[in-house]
Amino acid sequence: MSHKPKLWTKDFIIVSSTNFFIFLTFYLLMVTLTAYTLKEFQASPSQAGLASSIFVLGAVLVRPIAGKTINRIGRKKMLILSLVLFIIACILYFFTNSLALLFLNRVIHGIAFGIATTATATIAAEIIPAERRGEGTGYFSMSMNIAMGIGPFIGLMITQYLSYTFVFFAVTAFSVAGLLATLFIRIPSLNFTEETTEKGLKLGDFFEKSALPVSLLMAIIGFVYSSVLSFLTSYAQEIHLVSAASFFFVMFSVFLLLSRPFTGRWFDQYGENAVIYPAIVLFAIGLVLLSQAYTGAVLLIAGAIIGIGYGTYQSSAQAIVVKKAPSHRMGLATSTFFLFTDLGVGVGPFLLGLLVPSIGFRGLYVIMAISAFACLAVYYFLHGKKASNQTGKRLHAENF
C-alpha cells in the first residue's frame with residue numbers, strides 16, 4: 001500500500017483559514033450592501049446593484065497583474081500587503097458619506113480582494129502534494145464554500161437584529177484575523193527559471209493559455225450562479241419563503257462539505273470527467289427545483305443540490321487549471337481562473353436584472369437551469385473530450 005504525502009500541514013490549514021476570512025468578508029458584504037446603499041443613500045436599485053458588483057471590477061482589473069508579479073514580489077509579502085489594504089478598505093466603510101465614495105472604496109476593496117485571493121490560491125497550489133491535487137484543492141476551496149454559507153447568514157442576522165455599523169465591525173474583525181493567521185505561514189521556495197523572469201509585455205504574461213478552456217466555462221457557470229447569489233432574497237420575498245431562504249446558503253455549505261471528501265478523491269482516482277459531468281447535472285437540477293419551489297423544504301433541497309453541483313465544479317476546475325500549468329506559472333493560471341470567475345459572477349447580476357421584469361424570478365431560474373444543462377456540451381468540447389482520451393490512455397497504461 002503506497003504512503004500518501006501529508007495534506008493537512010500547519011501551512012495548509014493557515015492559508016485555508018486566511019482564505020476563509022477573506023471570502024467570509026466578501027459574501028457578508030455581498031448580501032448586505034445592496035440594501036445598505038438603498039437605505040443609506042436613497043439610491044436607485046441599479047445604483048445599489050452597482051455598489052455590490054463594482055467590487056468585482058477592481059478584482060478583474062488587478063488579477064492579471066497579480067498573477068504576473070506574484071513570483072517577483074514574493075507570495076507571502078504580496079498576501080500581507082493585500083490584506084493590509086483589505087483591512088483599510090473595511091475601515092473606510094465607516095467613513096463613506098456619499099455614493100461616489102462608496103463606489104471608490106468598493107473598487108479599492110475589490111483590488112485588495114483580487115490580489116489576496118490570487119496569492120492564497122497560489123500558495124495553496126504549491127503546498128498541496130501533486131499526488132493529492134484534486135483532493136487538496138477541493139479541501140482548500142471548501143474554505144471559500146463554507147464562507148459562502150456562513151457569510152450571507154451572518155450578514156442577514158446582523159441586518160435583521162442590529163445595524164449596518166455592526167456589519168462593518170464584523171468584516172474588519174474577520175480581515176484582521178486573516179492577516180494575523182498569515183504572519184505564521186511558511187511558504188516553500190520556488191526556483192526561478194529564465195522563462196519565469198523574462199521581460200516584455202505579451203498576452204501570455206497576463207493569462208495562462210492552458211487555464212482558458214475550463215476558466216471560460218467557469219465564467220458561464222459563475223454567470224448562472226450569480227442569479228442565485230443576487231436574486232434569491234428578492235425571490236424568497238415574492239414567494240413568501242424568507243425564513244427558509246436565510247438557511248439556503250447554510251444547506252449549500254453543509255452538503256458541499258459532506259460531499260467534498262468523496263469528490264476530491266474521485267477526481268484524483270478516476271479523472272476530472274467522472275466528477276465534473278455529475279456536478280454540472282446536479283447544478284442544473286438544483287436550479288430546476290429552485291424555479292419550482294413553493295415550500296421551504298423544496299427551497300432548502302435546491303440549496304443542498306446547487307451547493308454540491310456548483311461547489312464541486314468550481315474546485316475541480318481550479319484543480320485542472322493548477323494541474324495543467326507549469327509550476328512557475330501557477331500564480332498566473334490561478335489569476336486567469338479567478339478572473340473569469342469574477343467576470344461571470346460580476347456581470348451576471350446586471351444583465352440578468354434586465355430580464356427579471358419581463359420573465360419574473362421563476363422564469364429566470366428556468367432559463368438558468370437550461371443554461372446549466374447546456375454547459376455539459378460546452379465542457380465536452382472545451383475540455384471533456386480531451387480529458388476522456390487522456391484518462392483512457394492512463395488507465396490502459398496502468399493495466400499493462
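Which helix gives the largest share of the lining of the second largest cavity? To answer, start with how the model is treated. This is a predicted model, in which local features need pLDDT of at least 70 and side-chain atom pairs count only at pLDDT 80 or more, while totals for chains, interfaces and linings use all residues. Residues are numbered from 1 along each chain as its sequence is written, and side-chain values use heavy atoms, with hydrogens and water left out.

Now the empty space. Rolling a probe the size of a water molecule over the atoms shows where empty space is left. A cavity is a set of points, on a 1 Å grid over the protein atoms alone, where a 1.4 Å probe fits but cannot get out; lining residues have an atom within 4 Å of a point. A volume is the space filled by probe spheres set on the points, and grid points are joined across faces, edges and corners. The structure holds three cavities of 30 Å³ or more.

The second largest cavity holds about 40 Å³ of space. H10 gives the largest share of its lining, four residues. Helix H5 (133-161), helix H10 (248-270) and H12 each supply at least two residues. Helices here are DSSP runs (H or I, at least four residues), numbered from the N terminus. Among the lining residues are Gly134, Arg260, Phe267 and Ser316. By class, this lining has two nonpolar, seven polar and one charged residues. Ala, Val, Leu, Ile, Met, Phe, Trp, Tyr, Cys and Pro count as nonpolar, Asp, Glu, Lys and Arg as charged, and the others, Gly among them, as polar.

The largest cavity has a volume of about 170 Å³. It is lined by 17 residues, and Phe26, Tyr27, Thr341, Asp342 and Val345 lie nearest its centre. Helices H1 (10-41), H2 (45-73), H8 (212-238), H12 (296-324) and H13 (330-399) each give two or more residues to this lining. The lining divides into 13 nonpolar, two polar and two charged residues.

Turn to the salt bridges (a side-chain nitrogen of Lys or Arg within 4 Å of a carboxyl oxygen of Asp or Glu). The count is two. Glu126 and Arg75 form one of them, at 2.3 Å from N to O. Glu126 lies in helix H4 (residues 99-127) and Arg75 in helix H3 (residues 75-92), so the pair ties together parts that are 51 residues apart in sequence. Both Glu126 and Arg75 are buried. Buried means under 20% relative accessible area, exposed over 50%, and partly exposed in between (1.4 Å probe, protein chains only).

Lys10 forms a salt bridge with Asp11, with the closest N and O atoms 3.2 Å apart. Lys10 is partly exposed, at 48% relative accessibility. Asp11 is buried, at 15%.

How values were computed: On a 1 Å grid over the protein atoms alone, a cavity is a set of points where a 1.4 Å probe fits but cannot get out, and a pocket is an open set with protein on both sides within 12 Å along at least five of seven lines; lining residues have an atom within 4 Å of a point.
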